[in-house]
Amino acid sequence: MPKGYWVSVYRTISDPEKPAAYNKLAGPAVVAGGGRVLARGGRVVAHDAGIAERTVLIEFDSFEQAVAARESAAYQEALVALSDGVERDFRIVEGVD
């Protein structure tokens with residue numbers, strides 16, 4: 001079964017307090033949903049139309065598990081804390097089996 005991945009690239013952070021509040025809630029929500037953080041805020045080299053800002057990569061055992069974690073009540077609470085504090089590109093992608 002192919003794994004699932006959350007890929008999140010922060011384009012801008014307009015209110016640093018909101019991502020901090022989000023992180024306190026999102027971390028436990030991701031772990032509860034079966035996610036494992038593979039990359040978070042490390043060095044980035046962007047090419048083409050890419051943006052060299054904060055990038056987060058989280059792995060789940062399946063695509064369905066990744067979608068369910070995003071839809072969970074705990075993660076939805078984290079999104080409320082984040083609200084308009086950032087502009088980001090968030091995707092859930094299916095891995096290659």
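In this predicted model, Gly4 has Glu94 as its bridge partner in strand S4. Strand S4 covers residues 86-94 and is joined to S1 by nine bridges. The two strands, S1 and S4, run antiparallel. S1 also pairs with S3, again in the antiparallel sense, and this pairing has six bridges. Within S3, Val56 is the bridge partner of Ser8.

The helices were examined next. H1 and H3 pack with their axes 8 Å apart, at an angle of about 175°. Angles over 145 degrees count as roughly antiparallel, and H1 and H3 are therefore roughly antiparallel to each other. On the H1 side, the contact is made by Lys18, Pro19, Ala21, Tyr22, Leu25, Ala26 and Ala29. H3 contributes Ala74, Tyr75, Glu77, Ala78, Leu79, Ala81 and Leu82. Twelve residues of this contact are nonpolar, two are charged and none is polar.

The largest nonpolar core has 16 residues. Trp6, Tyr22, Ile58, Phe60 and Tyr75 have the most contacts inside this core. At least two core residues come from each of strand S1 (4-13), helix H1 (17-32), strand S3 (55-60), helix H2 (63-71) and helix H3 (73-82). In soluble globular proteins, nonpolar side chains tend to be buried together.

Neighbours within four places in sequence are left aside here. Phe60 is then in contact with Lys3, Gly4, Trp6, Val30, Gly33, Gly34, Gly35, Arg36, Gln65, Ala66 and Ala69.

Terms used
Residues are numbered from 1 along each chain as its sequence is written. This is a predicted model: local features need pLDDT of at least 70, side-chain atom pairs count only at pLDDT 80 or more; totals for chains, interfaces and linings use all residues. Side-chain values use heavy atoms; hydrogens and water are left out. A nonpolar core is a set of buried Ala, Val, Leu, Ile, Met, Phe, Trp, Tyr and Cys residues joined through side-chain atoms within 4.5 Å. Buried means under 20% relative accessible area, exposed over 50%, partly exposed in between (1.4 Å probe, protein chains only). Helices (H or I, at least four residues) and strands (E, at least two) are DSSP runs, numbered from the N terminus. Contact means heavy atoms within 4.5 Å. Two strands pair if DSSP finds at least two bridges between them. Axes are lines fitted to C-alpha atoms, for helices over the stretch in contact, and angles run from 0 to 180 degrees between N-to-C directions. Angles under 35 degrees count as roughly parallel, over 145 as roughly antiparallel, 65 to 115 as roughly perpendicular and the rest as oblique. Ala, Val, Leu, Ile, Met, Phe, Trp, Tyr, Cys and Pro count as nonpolar, Asp, Glu, Lys and Arg as charged, and the others, Gly among them, as polar.
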